[in-house]
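User: Hi! I'm new to reading protein structures. Could you walk me through this one?

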Amino acid sequence: MLEFLGSRKAKPPGLWTRLLWGQAAIFWDGVKRYFALLEHAIAFAFDKVSVTAGKYVNVGTTISIGIKDKPEHVSYDDEYLSTLQTMSERHFAFYDTINRRACLLDGASALLHLLRSFIKYSQTKSRLKNFFVFGDGELEEADKNRKGGDAAFYVLANEHNQLLPLWRKATTATEEITMKLGRRPEEAVRYQKAYFCLKDRVLQICRVLQQIIAHQDDVYSRDGVGARIKLTPRRQLEGFDFMDVATNQGTLWPKVDYIHAWGEGWVDFTRELHCVALFGTGFGNLIEPTGNPCLRCMSNIPQGPDLLGITVADLLDIIEKNGDNDGSPWRVVEDIHWYVPNKLFEPCRCDSTPTTRNDRAQVFLPATHPKLCGGGRQSPQLVADGAILVGHSFKYPLRWGNRGEPEEGEPEISAENSNVPPHDSGAPAASTISTGQTESS
């Protein structure tokens, strides 16, 4: 069973020049689910796959794959810090199904977001709320010198935080008999209290994520999710509901949503990275601007055009492990290279030349694309605490299509790739989109 996250009215990308963010926001309260039943007879990579909150992965209705049957390249470790380290090396795409935007997070940050949402849910909505003993303000946060994934890892690894009780387990009773020379045996019953602690919940979430990752990494077998997902259309984004993972919902069924034509430029990148997609609404601004940014061209990730935000720190880590930044252009991962169509972190001139339209959206291209041939391409000049947007560039527009190399030109906003008939979407042709304002969601 695969759930489809529904058809929503498309909104055009108004001004794709929003960038230069600092560290990611640490938590939020308002993440919500979005449910709709899948009614399309299309092949899906996660077809017949479910994930349980226990230690088993169910495929179809008759086969159960346990830990002993996991692929050899997957490592399950019960030691807490080793598990955190392994999870922090992964990446997750948080995709807002209503605001139509995505943010790539490292594993430690994603895990901390899931944990905070579980705590908030347990305190307010779960039947555990009357037994939940964890109080606001008990968590020891990272100091201001730590940012992003380093800050998240510190919070999760902190020994004080690990032992914070969430609720009390059942009291156990033990009978003790004391024998002393020349005296009658003395009997006593001792009661022992125990707590389910924050560390225990973190490990539970990790077990669920490890199962999803095991499926996503299975690129070696013909029926593996990792192999099948590369054959699905680019616009087809598959993953799991954020709140299902966060709140211990038992069996987790995969979800699918369809991104718009102007957002397909980052899909190959996340697939090569074996990135897990988590769907939800109300994530808020996971990456926010610092200082006093220009509100016209350096604000939060725009809502609507399905752009992907990535911090520079995370991107450099990805390039170090999977790519190469010695040449020009940079290789981000596998055979995907970074092309800078216009601007990156250069100062804007919005005040002096208000008619100027800066394009800060970055483009990731396959190595064989003609735009990358010939060398001499610009290498990115980065800002350590910054972030970039990946997606549609109006300076170098591309039509990606379902598979294969992209073609130059504005994407076709059609019923097939926008979920709505073009005349009903409220979205003008990409070449006529206003450069002055971004439509509200």
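**A loop residue to start with**

Analyst: Happy to! Keep in mind that this is a predicted model. Let's begin at Asp306, which sits in the loop between E15 and strand E16 (308-311).

User: What is phi like at Asp306?

Analyst: Its phi is positive, about 55 degrees, although Asp306 is not a glycine. For background, most residues other than glycine have a negative phi.

User: And is Asp306 buried or exposed?

Analyst: Asp306 counts as buried, because its relative accessibility is 0% and the cut-off for buried is under 20%.

User: Where is Arg100, and what is its phi?

Analyst: Arg100 is in the loop between E6 and strand E7 (101-106). Its phi is near 55 degrees, again a positive value in a residue other than glycine. Arg100 has a relative accessible area of 4%, so it is buried.

User: Okay, zooming out. How many helices and strands are there in the protein chain?

Analyst: The protein chain has ten helices and 22 strands. It has 441 residues, and buried ones make up 50% of them. Also, if you take contacts between residues at least 6 apart in sequence, 74% join residues at least 24 apart.

User: Let's talk helices. At what angle do H1 and H3 pack?

Analyst: Helix H1 (residues 80-88) and helix H3 (residues 148-157) pack at about 160 degrees, and their axes are 11 Å apart. Angles over 145 degrees count as roughly antiparallel, so that is how H1 and H3 run relative to each other. Their crossing is right-handed.

User: Which residues make the contact?

Analyst: From H1 you have Tyr80, Leu81, Leu84, Gln85 and Ser88, and from H3 there are Phe153, Leu156 and Ala157.

User: New topic: how many aromatic pairs are there?

Analyst: The count is twelve aromatic pairs. One of them is Phe94 with Phe283, a tilted pair with 5.3 Å from centre to centre and 55 degrees between the planes.

User: Where do Phe94 and Phe283 sit in the chain?

Analyst: They come from distant parts of the chain, 189 residues apart. Phe94 belongs to strand E6 (residues 91-96), while Phe283 is in the loop between strand E14 (276-280) and strand E15 (287-289). Both Phe94 and Phe283 are buried.

User: Which residues do ring pairs link into a cluster?

Analyst: The cluster consists of Phe118, Phe132, Phe134, Trp167 and Phe196.

User: And what lies over the face of Phe118?

Analyst: That would be Arg201, at 4.4 Å from the ring centre.

Key
Residues numbered from 1 in each chain as written. Predicted model: local features only at pLDDT ≥ 70, side-chain atom pairs only at ≥ 80, totals over all residues. Heavy atoms only, no water. Phe/Tyr/Trp six-rings, centres within 6.5 Å; stacked < 30°, edge-to-face > 60°. Helix = DSSP H or I, 4+ residues; strand = E, 2+ residues; numbered from the N terminus. Buried < 20%, exposed > 50% of the residue type's maximum accessible area, 1.4 Å probe, protein only. Lys NZ or Arg CZ within 6 Å of the ring centre and 35° of its normal. Axes fitted to C-alpha atoms, helices over the stretch in contact; angles between N-to-C directions. Parallel < 35°, antiparallel > 145°, perpendicular 65-115°, else oblique. Left-handed = near helix turned anticlockwise from the far one by under 90°. Contact = heavy atoms within 4.5 Å.
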